[in-house]
Amino acid sequence: MGISNLKAENDYILWNRATSVHPHMMLGYPLSNDDVVLKRYSSESLASLDELRARVERRTLLESQQQQQQQQQQQQYIYGGAVDERRSILELPDDLPYSVMEMRDKFVKKNEVYKSAKKLSKLESSSQSSSFAPIKVGFVACGFNSKAVLYLSHDMFRFFDPDIVEIHIFSTGQPDPPRFIEDTMRGVDWRQRVMDTVDYFHDLREYKGDHIGLARYIHDLEIQILIEWDGYARQGDRAGGLMALRPAPIQILHQEFLMTAGAQYIDYIVTDKNVSPLELEGLYTEKFLWLPNHFFMK
């Protein structure tokens, strides 16, 4: 959503012209101090409808598949249930969204077991390295290919300490075509660079348009911290509705979207003091995680 020549008259917002801006600026583009609260309201509106819209889009996709296959009877496509032709929106399964407290309690207990076992292993042999799994951190995005975000941040994965974190990439987008990599990128494949430096790279293109299936996949891997790179950018490609289902107990917004998500299910935003100054903290639903120089990790 782009905003230009925006003004208020008689308590009405006049949208004079719609513009298509770079996704980094979406809702993060600075308005005047009088209008800055509009960004918060816009984000809250998007957040409140994000998961519901994902189910509507899923329903539309299923109907399209039914028409293409020319099947007259109900189809058993998802969640072990049939699509009811009388409904326009798919029902959300009873176990979703996942319980944050249940996940946190589970991970706290596992961490206590880990610390006890690690202490015991040190007593037995100070040179013996621990075989216990570190914190599982996931990054989810549709742009793990030749995009500006990956150009600026693909190298950061080399610097994570494997004794502390286990990195999972959840990629829902397409890889670059081989000819594009060979000719345009001169053989440089940023997606492959990421794959070579992380613990697990999950190619989840089959979950595009299926936020419930994607949430179950991530939750089953027991991801403890989930970082989303798309925000409200890349509409049509992003994993819309995913974060609202709470597949991880700690969820973080980073990179593409500079403003608040306006959602209670996003706990933190990775930013800096220029993009998100302290005096605007009240406009964010997330807590700030300030990087020292710039919100991009380079």
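Modeller: Helices (H or I, at least four residues) and strands (E, at least two) are DSSP runs, numbered from the N terminus. This is a predicted model, where local features need pLDDT of at least 70 and side-chain atom pairs count only at pLDDT 80 or more, while totals for chains, interfaces and linings use all residues. Residues are numbered from 1 along each chain as its sequence is written, and side-chain values use heavy atoms, with hydrogens and water left out.

Biologist: Where does Gln-251 lie?

Modeller: Gln-251 belongs to strand β7, which covers residues 250-253.

Biologist: Why is Gln-251 called buried?

Modeller: Buried means under 20% relative accessible area, exposed over 50%, and partly exposed in between (1.4 Å probe, protein chains only). Gln-251 has a relative accessible area of 0%, so it counts as buried.

Biologist: And what makes Arg-186 exposed?

Modeller: The relative accessibility of Arg-186 is 75%, and therefore it is classed as exposed. Arg-186 sits in the loop between α4 (178-183) and α5 (190-197). Its phi is near 55°, a positive value in a residue other than glycine.

Biologist: Which polar atom pair involves the side chain of Gln-251?

Modeller: A polar atom of the Gln-251 side chain lies 2.8 Å from the backbone oxygen of Tyr-265. A polar contact is a pair of N or O atoms within 3.5 Å; within protein, one must be able to donate a hydrogen and the other to accept it, and residues adjacent in sequence count only if both atoms are side-chain atoms. Beyond its neighbours within four places in sequence, Gln-251 is in contact (heavy atoms within 4.5 Å) with residues including Leu-226, Met-243 and Ile-266.

Biologist: What makes a group of residues a nonpolar core?

Modeller: The term stands for a set of buried Ala, Val, Leu, Ile, Met, Phe, Trp, Tyr and Cys residues joined through side-chain atoms within 4.5 Å. The largest one here has 32 residues, and among those touching the most other members are Phe-170, Ile-218 and Tyr-265. Both α2 (100-124) and α6 (211-220) supply at least two residues of this core, and α6 gives the largest share, four residues. Apart from it lies another core of 23 residues, among them Phe-139 and Met-156.

Biologist: Which peptide bond is cis?

Modeller: The bond from Leu-96 to Pro-97 is cis, with omega near -5°. Pro-97 is in the loop between α1 (37-69) and α2.
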